[in-house]
Amino acid sequence: MEKRSNLTTEEKESFMREAIKEAKKAQAMAEVPIGAVIVLDGKIIGRGHNLREQTQDATMHAEMIAIREACEEIGSWRLERSQLFVTLEPCPMCSGAMMLSRVEEIYFGAYDPKGGAAGSLLSLATDQRFNHWSYVEAGILQTECSELLSTFFKELRQKKKLQAKKTSVQE
Ligand SMILES: [Zn+2]
């Protein structure tokens, strides 16, 4: 059984822009810029951005935080009929959490060839052997989403280089 998207291109891009806003919040805190939102009936019911460094908790991914907030918002662990937007392809943990919370549609921006479980390395969310599977669509505002990440890592490398230089001068 094939699942289909229930959104227009305009809607998809507009919600992805909200996920990008979340990613920028992470960036402002020197976190890897990844953001997510969850939508139900055209309304955002959960938001999240990566907080791994701040919390020193490997599970604090944008999607996990957004799922938690959405469940709290509607008072249920079942996020049936909901749509999740995330700037980077979800990892196995987040794909699993989306499956368990029954997210209906998953939209992501950039591919993650080294960690993605929604098409790159695995296709967890669409695997019909599981009790629940989702519709997955990749590449929503892909350029913007991947540039956020590549700029962040480029700047991080420059900072590290500069720091290394400073230390060698001090020695
Ligand atoms: Zn994740």
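Which residue in β2 is the bridge partner of L40? Select K43: that residue is the partner of L40.

**Before you start**

Residues count from 1 along each chain as its sequence is written. The model is predicted: local features need pLDDT of at least 70, side-chain atom pairs count only at pLDDT 80 or more, and totals for chains, interfaces and linings use all residues. Helices (H or I, at least four residues) and strands (E, at least two) are DSSP runs, numbered from the N terminus.

**Stop 1: the hairpin**

Show β1 and β2. They run antiparallel, joined by 6 bridges. Two strands count as paired if DSSP finds at least two bridges between them. Between the strands of this hairpin there are 2 residues. Now pick D41, in the loop between β1 and β2. Its phi is positive, about 50°, although D41 is not a glycine. Most residues other than glycine have a negative phi. Is D41 buried or exposed? D41 is exposed, with 8 other C-beta atoms within 10 Å. The scale works like this: buried means 20 or more other C-beta atoms within 10 Å of the residue's own, exposed means 12 or fewer, and partly exposed lies in between, with C-beta atoms placed from the backbone.

**Stop 2**

The open sheet has 5 strands in the order β2-β1-β3-β4-β5, with mixed pairing. Look at the edges: β2 (43-49) and β5 (135-138) each have a single partner strand, so one side of each is left without a neighbour in the sheet. Neighbouring strands are turned by 15° against each other on average, direction ignored. Next, select residues 83-88 and 105-110. These are β3 and β4, which run parallel and are joined by 5 bridges. Find F85 there; its bridge partner in β4 is Y107.

**Stop 3**

Select residues 62-74. This is helix α3, which lies across β1 (35-40), β2 and β3, at about 145° to β2. Axes are lines fitted to C-alpha atoms, for helices over the stretch in contact, and angles run from 0 to 180 degrees between N-to-C directions. Two residues are in contact if their C-beta atoms, placed from the backbone, lie within 7 Å.

Zoom in on E63, which sits in helix α3. UniProt, in an unreviewed entry, places the feature "active site" at E63. UniProt positions follow the numbering used here, feature names are shortened, and annotations may be inferred rather than shown by experiment. E63 is buried, with 31 other C-beta atoms within 10 Å. What does E63 touch, not counting residues up to four places away in sequence? The contacts are A36, G48, L84, V86, P90, C94, A97 and M98.

**Stop 2: helix α4**

Select residues 92-100 for helix α4, whose buried residues are C94, S95, A97 and M98. Seen down the axis of α4, these fall within an arc of 160°, so they line one face of the helix. The arc is that of the directions from the helix axis to the C-beta atoms. Among the elements covering these buried residues are α3, β3 and β4. After α4 comes R102, with a positive phi near 60°.

**Stop 3: the core**

Select A66, L84, F85, V86 and I106. These have the most contacts inside the largest nonpolar core, which has 39 residues. A nonpolar core is a set of buried Ala, Val, Leu, Ile, Met, Phe, Trp, Tyr and Cys residues joined through C-beta atoms within 7 Å. At least two core residues come from each of α1 (9-28), β1, α3, β3, α4, β4 and α5 (142-170). The largest share, 6 residues, comes from α3. Keep V86 selected: leaving out residues up to four places away in sequence, V86 touches A19, I34, A36, A62, E63 and F108.

**Stop 4: two loops**

Go to A30, in the loop between α1 and β1. Its phi is positive, near 60°. A30 counts as partly exposed, with 13 C-beta neighbours inside 10 Å.

Then go to Q128, in the loop between β4 and β5. Q128 counts as exposed, with 9 C-beta neighbours inside 10 Å. Draw a line from Q128 to L141: they are 13 residues apart in sequence and 27 Å apart in space, C-alpha to C-alpha.

**Last stop: the annotated span**
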